[in-house]
Amino acid sequence: MMKKSVSLLLDFAIILLIGLTSSADVMDEGEGAGGDAVPPKNSFPDLPEFKEGVTVTVLDRVGECPRMAFPGDWLELEFVAKQMSDDGETYEEFDSSYSKERPLFLAVSDNEKLPGLTEGLRNVCVGEKRQIIIQAESPLMQVDPKSAGLEQPKTDRPAVYEVKVRSILDQEPVNLFTKMDLDNNNQLSREEIEQFFGEANDDVEKLFEYQDKDKDNFISYNEFQGPKFNHDEF
């Protein structure tokens, strides 16, 4: 009889422990310590409070957030930038990754290339699309003249950027084409390649022989076969 009582007591203790554990799991998933709802893992974060002069609207989010950008990361972006025309009737495109036929790579902590764009991409996730408006006369609209890949907006009117994050990278990507394209016109001349390598030699002519497909004496981004990093995460 004693053995049976002990066995029943142990069974009851096990059932009680299982019940308590299940309740704790439900609490962890649905509520925080103060009773507030905790967002599911990989859910999209709330938009932060952005600096004055920058307005952000989420245009599209697909599924869950597979990865959020943090300082130290690099973003691979597709974008279109527009401003109101001089007649004040229509928006005109003045910059785009599509017209350049290459993505824009931007460091999350880069506050010089185009501060307003970096500001508007805080807490962004892979696959997310945002509209970022930088207000007229804002100091966050100034593009670093040493930067490649972005055109300077007119500062007397707002600039509207529609941006999609294709991927988030742990380190700066290697893009040899961008490093050699000194005038940022999306094509390489013999002079640019020779300046990059520091001398003129037969290798430059061989490069043009094999990569200048249309024989226009320039190597375009699409023709270039060297490392230019185009990630297809999204």
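The model is predicted, so local features need pLDDT of at least 70 and side-chain atom pairs pLDDT 80 or more, while totals for chains, interfaces and linings use all residues. Residues are numbered from 1 along each chain as its sequence is written, and side-chain values use heavy atoms, leaving out hydrogens and water.

Six helices and eight strands make up the secondary structure of the chain; helices are DSSP runs of H or I with at least four residues, strands runs of E with at least two, numbered from the N terminus. Along the sequence they come as α-β-β-β-α-β-α-β-β-α-β-α-α-β. Of the 234 residues, 38% count as buried, that is, under 20% relative accessible area with a 1.4 Å probe, protein chains only.

There's one disulfide in the whole structure (cysteine sulfur atoms within 2.5 Å). Cys-65 and Cys-125 form it, S to S 2.0 Å, and the link is left-handed, with -90° about the S-S bond. Cys-65 sits in the loop between strands 1 and 2 and Cys-125 in the loop between helix 3 and strand 5, so the bond ties together parts 60 residues apart in sequence.

| Cysteine | Relative accessible area |
|---|---|
| Cys-65 | 6% |
| Cys-125 | 0% |

Now for Glu-223, in the segment after strand 8 (219-220). Glu-223 is buried without a salt bridge, and Lys-213, the nearest side chain of opposite charge, is 7.8 Å away. A salt bridge needs a side-chain nitrogen of Lys or Arg within 4 Å of a carboxyl oxygen of Asp or Glu. A polar atom of the Glu-223 side chain does lie 3.1 Å from the backbone nitrogen of Asp-214.

Technical notes
Buried < 20%, exposed > 50% of the residue type's maximum accessible area, 1.4 Å probe, protein only. Lys, Arg positive; Asp, Glu negative; His and termini not counted. Polar contact = N/O pair within 3.5 Å; in protein donor to acceptor, adjacent residues only side chain to side chain.
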